[in-house]
There are 2 protein chains.
Amino acid sequence: MEKVYRAELTPVSFLLRSAAVFPERVAVVHGERRYTYAQFAERALRLASALRTAGLEEGDRVAYLSPNTPAMLEGKFGVPAAAGVLVPINTRLTHHEVGYILEHSGARFAIVDHELAHLVDGAAAEVIRVDDTGGPTDPYEQFLGTGSSSAEPLPIKDEEQVISINYTSGTTGKPKGVMVTHRGAFLNALGGALETGLSADSVYLWVLPMFHCNGWCYPWGVTAVGGRHVCLRRVDAAEIWRLLHEEGVTHVCGAPTVYVGLVNHEHARPLEREVRVMMGGAPPSPTLLARMAELRFHAMHVYGLTETYGPMTVCVEQPEWDELPLEERARLLARQGHAYLTHAPVRVVDLELKDVPCDAETVGEVVMRGNNVMKGYYRDAEATERAFAGGWFHSGDLAVWHPDGYVELRDRAKDIIISGGENISTIEVEQTVVQHPAVLECAVVAIPDERWGERPKAFITLKPGQSATEAEIIEFCRDRLAHFKCPAAVEFGELPKTSTGKVQKFQLREREWAGRDVRIGRA
Amino acid sequence: MEKVYRAELTPVSFLLRSAAVFPERVAVVHGERRYTYAQFAERALRLASALRTAGLEEGDRVAYLSPNTPAMLEGKFGVPAAAGVLVPINTRLTHHEVGYILEHSGARFAIVDHELAHLVDGAAAEVIRVDDTGGPTDPYEQFLGTGSSSAEPLPIKDEEQVISINYTSGTTGKPKGVMVTHRGAFLNALGGALETGLSADSVYLWVLPMFHCNGWCYPWGVTAVGGRHVCLRRVDAAEIWRLLHEEGVTHVCGAPTVYVGLVNHEHARPLEREVRVMMGGAPPSPTLLARMAELRFHAMHVYGLTETYGPMTVCVEQPEWDELPLEERARLLARQGHAYLTHAPVRVVDLELKDVPCDAETVGEVVMRGNNVMKGYYRDAEATERAFAGGWFHSGDLAVWHPDGYVELRDRAKDIIISGGENISTIEVEQTVVQHPAVLECAVVAIPDERWGERPKAFITLKPGQSATEAEIIEFCRDRLAHFKCPAAVEFGELPKTSTGKVQKFQLREREWAGRDVRIGRA
């Protein structure tokens, strides 16, 4: 018998509740389109019903390839309400990369924006195209029409059920599927809402892609409090400035890169009210923080990984920091901070999983556990076991612990590049470069980049008698890889090696990052 | 093996987190005393350690008889951190009533404020007296001294473990022990924080007794966000006004009764900033709401029972209500509203547990289920089963459902009186009255009271040839019952009965509440 004193935690409940309390309140804004909470809920539940009618069964995967549209947002509730599992795919990937994810996840349905339809050509999944018009001829609207307007969400039997599989590039060539649960999504959404002060008066602008860790759980958090979602098809600074002013935006998330472009845009002028900006993916620079403050953006620095539902720490700003000189304040704010109040604390540990001292000097690995850690990698028990070695999730990020308990990243143990908030597997780039007929061998490392934080650089040894130019190599990669993954620079020559012939990538990194104390890109 | 992706939910984590993030921030204010979060956590963990050293074992009960002091607050974390179970006792009870609870709960320790020490005379529990000085001669401080300053909380093995047993008067003569869990406390604390906009800048004044449903979970919610607790030994309007002004209070909870006294006090003058007042126990009257608004109190009407961790619904104010005439606004605000965003929805059902129509007319019973419902009554499987009939918790409150989904109480199915936020069992009062040698039989019902919402009235038939006065009966009860439970009025005469001789209490109620459409006291 079910326990009277227990309900399974699921973020689906947030939409039902806001639809009950705020039925007439505008929930979603998309250009001229407006949906109230009653409409938002009806559409999400219609989607659930339509998916079930089309044959979706419990646990079936539903892939999404979409910019930040109402359809994408509806999926965050409609798919789990149908007991399906979300598979949000990075829209910048190539047809080949998308194909791998669709196949690995075994997606039964793919809900795809019309601009991205070419990415699913030939896919086994049943494709539902979204024209994003909201009009009666839109295939997505027609699909919704096949669902019932009075559908009820299917009950979640176990809150530790998977709600979403988010593919992320890791240290291997192939992306891994990060499984997250209803319970984790519920708690992370509330944690984000509490840490960033969301309320029914909040207006959230969708700059951060919803495919990224499910938009850091904000589709659920903003809905929980009855706030307003402002959709955005593409990151366009002029349009963002228009929405900031005209729609009364109060909260935005994204990588610092986005805000560099924004604050330097010709339309930049101080906001009428403070806008909270949660920044993750790289620490913000002092220049950026200063310019943001002038424009009345309140920057909050958050940190996390796809494996932790997106951000799970926040650099809580202490009131006394206000009086410090900007450089000093920025230095403090560039730290990754403390775990959210809903989460277990993060630790910085040595190789024996013992805490390093809080001396701001000893470097250790950041490890996490608890409700904000993924359930595991989909269909990859070995990688899961490795990631969970010793009963803790290993972030692969190297950090010091400050005397005030704030964590600060210093370097990466994992061979990975984070560029504009996106993970890039160096191995994947290397494997692509060496397919070029002139290339003998290749090593890719991160180099610092003012705009993107980090970008990949390829060090290449050519085959004897062969030749190739930097431009040729880059072009070759762009035909095969998502553009953000392609080398920003190429250098030809011998690769440094150990006596046994192993490429010493750390030497290449050392050279590129010389003179910097923190080897994590900063934008 | 423990799951890497799961941490048991417990509000103990909130104190550890705030101590890590805000160690130097003032957490607790008590007159001239100030404790930072580092000190608050150290004291709570010392308490846990001292209790363990004194022999407390997992699941042992620790009773509290205390006004809203730092010691009481520390117990909300220290007892669960020691894997103990809180038993907060209403300080207005008599020695006899307290004795029953101590015995029924099997409390191993009783932490008792010096003013209430007489209530535990002769108790089996080990008594730790709190002089509430914070000084070295205070027995409580000496007890803390026996604990370790570097104690760690014991891990919670299962979030559904009981954190507290809260005794409440029900429809039977004896109070029942409401068991609540770590999970429920965690979620209710966050729900309250989100619904009432708590943040690290919040200053919470402790007007509501912490023995009442653990202060509606605010010891945990305020601590979670790193807000400030302002303690208060007694509800004294002059002192409350001083604290409101001098301590920068932003949030208060309590029954409307308290605010009636406050707004009419000679020190009442408009606040410099808005103070949010969560009111439960009775709906606020239009007069009270109007006066509160003048003084910049922002009233929020909440509803719940001890069995639901205190409030679990809130009458969410819609922006468009602002433009309505006061009487109309007050009428809307007097409704109990919707469940918190963290909770499953409440329902209003008929005898077959089917939803009544949302027509604002059909009366049904309010039922709840989910994480905000008690685990059961301690050592009372029968009462638990009755309360959970059909898989829902039966509130015993009769309500209508409005077309906008707001629940509004109309009457009670349970024979219970709620006076100034305190439950009174009519049976308990009747059983006391009939002990008077002149009384033949007695029926107690609620009568409306402007200050307390409701108060008990006793209808008495005297034995042939005997006599007694109203004052004598009341005095007789005051010697045997908590004063708030004693009849406010006595009427002598025949009791209305059925043909089979059963007293028809509803007839007495009908008479007393004639001309009112809502038969729930309003203060």
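In strand 13 of chain A, A:A299 is the bridge partner of A:V277. That pair belongs to the contact between strand 12 (residues 275–279) and strand 13 (residues 297–305) of chain A, which run parallel and are joined by five bridges. The model is predicted. Two chains, A and B, touch each other, and a rotation of 180 degrees superposes chain A on chain B. The points below cover the fold, the sheets and the interface.

**Overall fold of chain A**

- Chain A contains 16 helices and 25 strands.
- Its radius of gyration is 23 Å, close to the 24 Å that the globule rule gives for 523 residues, so chain A is as compact as a globular protein of that length.
- Along the principal axes, the C-alpha atoms of chain A fill a box of roughly 70 × 60 × 55 Å.
- Of the 523 residues in chain A, 57% are buried.
- Take the contacts in chain A between residues at least 6 apart in sequence: 68% of them join residues at least 24 apart.

**The nine-strand sheet of chain A**

- Nine strands of chain A form an open sheet with mixed pairing, in the order 2-1-10-9-11-12-13-14-15.
- Strand 2 (33–36) and strand 15 (338–339) of chain A stand at the edges. Each has a single partner strand, so one side of each is left without a neighbour in the sheet.
- Helix 2 (residues 37–53) of chain A lies across strand 1 (26–30) and strand 2 of chain A. The helix runs at about 85 degrees to strand 2 of chain A.

**The three-strand sheet of chain B**

- Three strands of chain B form an open sheet in the order 23-24-25, and the pairing is mixed.
- Strand 23 (439–449) and strand 25 (489–492) of chain B are the edge strands, and each pairs on one side only.
- From one strand to the next, the twist averages 25 degrees.
- Strand 24 (residues 453–462) and strand 25 of chain B run parallel and are joined by four bridges.
- B:K457 has B:A489, in strand 25 of chain B, as its bridge partner.

**Strands 3 and 4 of chain B**

- Strand 3 (residues 61–65) and strand 4 of chain B pair in the parallel sense over four bridges.
- B:A63 stands opposite B:V87, which lies in strand 4 of chain B.
- In a regular strand the side chains alternate between the two faces of the sheet.
- Strand 4 (residues 85–88) of chain B shows two directions: B:V85 and B:V87 point one way, and B:L86 and B:P88 the other way. All four are buried.

**Interface and symmetry**

- In chain A, 33 residues are in contact with 33 residues of chain B.
- Helix 1 (12–21) and helix 6 (182–195) of chain A are the elements that give two or more residues to the side that touches chain B.
- The residues on that side of chain A divide into 20 nonpolar, eight polar and five charged.
- The 180 degrees rotation has 0.0 Å of shift along its axis and superposes chain A on chain B with an RMSD of 0.1 Å. That is the relation of a two-fold axis.
- The same surface serves both copies, since 100% of the contact residues of chain A recur in chain B.
- A:L194 comes closest to the rotation axis among the residues of chain A, with its C-alpha at 3.4 Å.

How values were computed
Residues are numbered from 1 along each chain as its sequence is written. Chains are lettered from A and ligands numbered from 1 in the order in which they are written. This is a predicted model: local features need pLDDT of at least 70, side-chain atom pairs count only at pLDDT 80 or more; totals for chains, interfaces and linings use all residues. Two residues are in contact if their C-beta atoms, placed from the backbone, lie within 7 Å. Ala, Val, Leu, Ile, Met, Phe, Trp, Tyr, Cys and Pro count as nonpolar, Asp, Glu, Lys and Arg as charged, and the others, Gly among them, as polar. Copies are superposed by least squares on the C-alpha atoms of residues with pLDDT of at least 70 in both. The radius of gyration is taken over C-alpha atoms; the globule rule is 2.2 Å times the number of residues to the power 0.38. A residue is buried if 20 or more other C-beta atoms lie within 10 Å of its own, exposed if 12 or fewer, and partly exposed in between; C-beta atoms are placed from the backbone. Two strands pair if DSSP finds at least two bridges between them. Axes are lines fitted to C-alpha atoms, for helices over the stretch in contact, and angles run from 0 to 180 degrees between N-to-C directions.
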